[in-house]
Amino acid sequence: MAKLKARDVFIMGIWKENPVVVQVLGICSALAVTNRMSNAFVMGVGLIFVTAFSELTVSLLRRYTPKHIRMMVQVLIISAFVIIVDIYLKAYLPTVSKALGPYVGLIITNCIIMGRCEVFAQKNRPVISFLDGIFNGIGYTAVLLIVAFARELLGFGTLFGIPVMGSGWTNWVIMIMPPGAFFMLALVVWGVNTLRDRREISESAEEAKAR
Amino acid sequence: MTELNPFVLFTASIFTSNMILANFLGMCSFIAVSKDIKTSLGLGQAVTFVLTFTTVINYFLYKYVLIPMNLEYLRYIVFIISIAAFVQLVEMIVERHLPVLHHALGIFLPLITVNCAILGVSLFMVIRRYSFIQSLAFGFGSGVGWTMAIVALAGLKKRLNESRVPKGLRGGGITLIITGLMALGFMGFSGMVQIS
């Protein structure tokens, strides 16, 4: 395997192979916690932490893990970091912890983390795996924040809990209900895919011209 | 929430608090595996089975092992291990005694381990402090609701093959929109009973 540069990992995690938009992975929490920006932000930071450190640990242990129990080992590593996040949130941000409910625990079954551990950390060096975890986490968080921005703005008329829409604003209740989450995420996926297609077409056109 | 009738809880977890359409759990396999009705139904049955039993197992583990030992914070690890072990066990039994079913389910059975609906139901059970019968009803109902949603989606997706969907929306995007519409439809049930 060719040595990967941090820059490639960065582009892959955030744009080219964005876990949520391109691969439609780990969207349970992306849908559930995006009714408020603050929830989405905390969730995103938690996920970045867990992904990065799980990938680091998996990568450090990759030579010593027997092949057929590696999934189990990965799950245990991920759970350990999720417990840290859970305990931290309970102690320092009890209101957010309550709002997130079981979704903090569900970071364990978030396919992004398992997927990255299996696909990337199992084959690469610790430092680059750690970076891969951070960038994939940021890619996930970015999508969460976009969705949460629209949902909170239209659904509550606030951003991070601060009213911004003025007194004449009527809340779109549908945006904070489950259907709003599905529609909003679908719109984001649509937008990003369209942009990506356009860019690919222009790139291939440039290549053809250069020839 | 402790006084909820188990039957009410069962109905509610199918319609008003459907795992997919209201709690967004188990979305990955919901979107990836819903290509045809038969496979979806098979997966749904497997999920329902595993969900019901792991909820019960986790209930006992939590009540009689974790609480007496003051180890509640370890519940994530304990739950995921018990789910993984149970799925492994089921797979071995099915492979040995029901080879036809094993062939039909194939890769989906082990994947159930990372289906967040399963872990989610166990966590909801703990957070909402359900009794044994309530947990059983909730686990089973959630499984039935999940199956219903994925089969319905598979049916809808079949029709979609013949329609012209904008290029950027194909795949994940259109599935999300359909699911959103289904969620909108299910909101019509919300007058019945609400569990949260």
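**Aromatic contacts**

In this predicted model, A:Arg36 sits over the face of A:Phe156, 3.9 Å from the centre of the ring. Chain A also holds a cluster in which ring pairs connect A:Phe49, A:Phe53, A:Phe81 and A:Phe130.

Over all chains, the count of aromatic pairs is 20. One of them joins B:Phe7 and B:Phe10, with 6.4 Å from centre to centre and 35° between the planes, which is a tilted arrangement. The cut-off for a stacked pair is under 30 degrees, and the one for an edge-to-face pair is over 60, so the rest are called tilted. Both B:Phe7 and B:Phe10 belong to helix α1 of chain B, residues 6–14, where they are three residues apart, about one turn of the helix. B:Phe7 counts as exposed because its relative accessibility is 59%.

Which arrangement do the rings of B:Phe60 and B:Tyr64 adopt? Their planes are at 20° and their centres 5.9 Å apart, so this pair is stacked. B:Phe60 and B:Tyr64 lie in helix α3 of chain B, residues 37–66, and because they are four residues apart there, about one helical turn separates them.

The accessibility of this second pair can be read residue by residue. B:Phe60 has a relative accessible area of 36%, so B:Phe60 is partly exposed. B:Tyr64 has a relative accessibility of 52% and therefore counts as exposed.

Methods: Residues numbered from 1 in each chain as written. Chains lettered and ligands numbered in written order. Predicted model: local features only at pLDDT ≥ 70, side-chain atom pairs only at ≥ 80, totals over all residues. Heavy atoms only, no water. Phe/Tyr/Trp six-rings, centres within 6.5 Å; stacked < 30°, edge-to-face > 60°. Helix = DSSP H or I, 4+ residues; strand = E, 2+ residues; numbered from the N terminus. Buried < 20%, exposed > 50% of the residue type's maximum accessible area, 1.4 Å probe, protein only. Lys NZ or Arg CZ within 6 Å of the ring centre and 35° of its normal.
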